[in-house]
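Subject: A structure for you to look at

Hi,

Here is the structure I promised to pass on. Have a look at it first, then read my notes below.

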Amino acid sequence: MKLVSLIALAFLAGGLVQAEEQPFIHPGLLHGKGDLDRMREKVKAGEEPWESGFEKLRADGQSQANWKLRGPFATVSRGLPDNTGNPQMVVDGNAAYQNALMWCVTGDERYARKAVEILNAWSGTLKTMQGRDVILAAGLNGFKFVNAAELMRSTYPAWKPEDVTRCEHMLKEAVLPPIKDFATFANGNWDATCVATMMAIGIFCNDRALFDRAVDYYRQGSGNGRLTHYVSESGQCQESGRDQQHTQLGLGLLAEACEIAWHQGIDLYAEADNRLLKGFEYTARYNLGNDVPFVADVDTTGKYRHQKISAEGRGTLRPIYEMVWNHYHILRGLDAPFTKQAVDQLRPEGAAWTGDHPGFGTLLFALPDQPAPDASRK
């Protein structure tokens, strides 16, 4: 019996090691190969709503192959009084990501060269990020850079291996340090940007431990950005009593983490009985002018207390709904009526305010109305 037990334990241990060493799927951040194929084919065929979504992307100033770099900077700061380099990193990151998308959809190499130019310029220069709001700078800005890098490495062989390695180094040495321990002292959108960007860096750099750390925090972290700390069973969010801008920011970032995990075979969308969808439905319902229940709450730090839902920013929908509606309703058949109303108001989704989100969700995430039974965006 002892020998059998030892053999069984060895087998199980071997299986665990094998699972941990499972290679990442590339491209596998916000967009998998199937996504890129779908976008390219639908746009080429002139099908709606993808064609209208593509026109939004193509017309945006940061999607242009003649984009003039605003950076790079060796040090980027965010937080008054010093914002050195941050506005420039924001727009250059948007341009890198959007040019990478334009390359993937059109096949026009001018966009590929521009995306690589931006990535190489910043990865050859950026050394540190700092400031009171450095976590937001690293998380939000870094997310665009790593998504652009993932697309280019996976689709553009002309990006030199040594340049890819330098980009990995920038992400690990300059972007990751501010977000590596999350933001347990802050509102949940801070934690959420740490989760999404850490997950993305883990995949791009093939660092399984880093990826797993972010996934674990989404599920059971101690701060406000943990899914079940940010969204209650009713759908009320930790920042619902603060304002609607930050509530949608936090939800959108958590959704981006789910989309990334989905491409790696991990279903965070379904966590806690589809809790994320409840947050989207509650928030969309309120921002569409409907009443919602609200329970006075206090956050995990004890600093943020809200007695009623905030009307600040109410009615201004951010372009975060398309991806979530397509996953939950089109792909999985779940009802999401208020999220769908938000999609209808925004479609075709355009750029996000200051680049907090990917934007352009109609092009990027819309699925055919009747996917095959095994439909997946993996």
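**Pockets, core and one lysine**

Let's start with the second largest pocket: the residues of its lining divide into seven nonpolar, six polar and three charged. Here nonpolar is Ala, Val, Leu, Ile, Met, Phe, Trp, Tyr, Cys and Pro, charged is Asp, Glu, Lys and Arg, and polar is the others, Gly among them.

Before going on, note that this is a predicted model, where local features need pLDDT of at least 70 and side-chain atom pairs count only at pLDDT 80 or more, while totals for chains, interfaces and linings use all residues. Residues are numbered from 1 along each chain as its sequence is written, and side-chain values use heavy atoms, with hydrogens and water left out.

On a 1 Å grid over the protein atoms alone, a pocket is an open set of points where a 1.4 Å probe fits, with protein on both sides within 12 Å along at least five of seven lines; lining residues have an atom within 4 Å of a point. Points are joined across faces, edges and corners, and the volume is the space filled by probe spheres set on them.

The second largest pocket holds about 200 Å³ of space. Its lining has 16 residues, with T316, L317, R318, P319 and W353 nearest the centre. Helix α11 gives the most to that lining, three residues. (Helices are DSSP runs of H or I, at least four residues, numbered from the N terminus.)

The largest pocket has a volume of about 360 Å³. Of its 23 lining residues, R78, L136, L140, W353 and D356 lie nearest the centre. Helix α6 gives the most here, with four residues. By class, the lining has nine nonpolar, eight polar and six charged residues.

Now the inside. A nonpolar core is a set of buried Ala, Val, Leu, Ile, Met, Phe, Trp, Tyr and Cys residues joined through side-chain atoms within 4.5 Å, and buried means under 20% relative accessible area (1.4 Å probe, protein chains only). The largest core has 115 residues, and M152, W159, M199 and L276 have the most contacts inside it. Helix α6 gives the most to this core, 13 residues. A second, separate core of five residues includes Y282, Y286, V292 and I309.

Leaving aside neighbours within four places in sequence, K114 is in contact (heavy atoms within 4.5 Å) with Q64, A65, N66, W67 and N99.

Cheers

Key. Helix = DSSP H or I, 4+ residues; strand = E, 2+ residues; numbered from the N terminus. Buried < 20%, exposed > 50% of the residue type's maximum accessible area, 1.4 Å probe, protein only.
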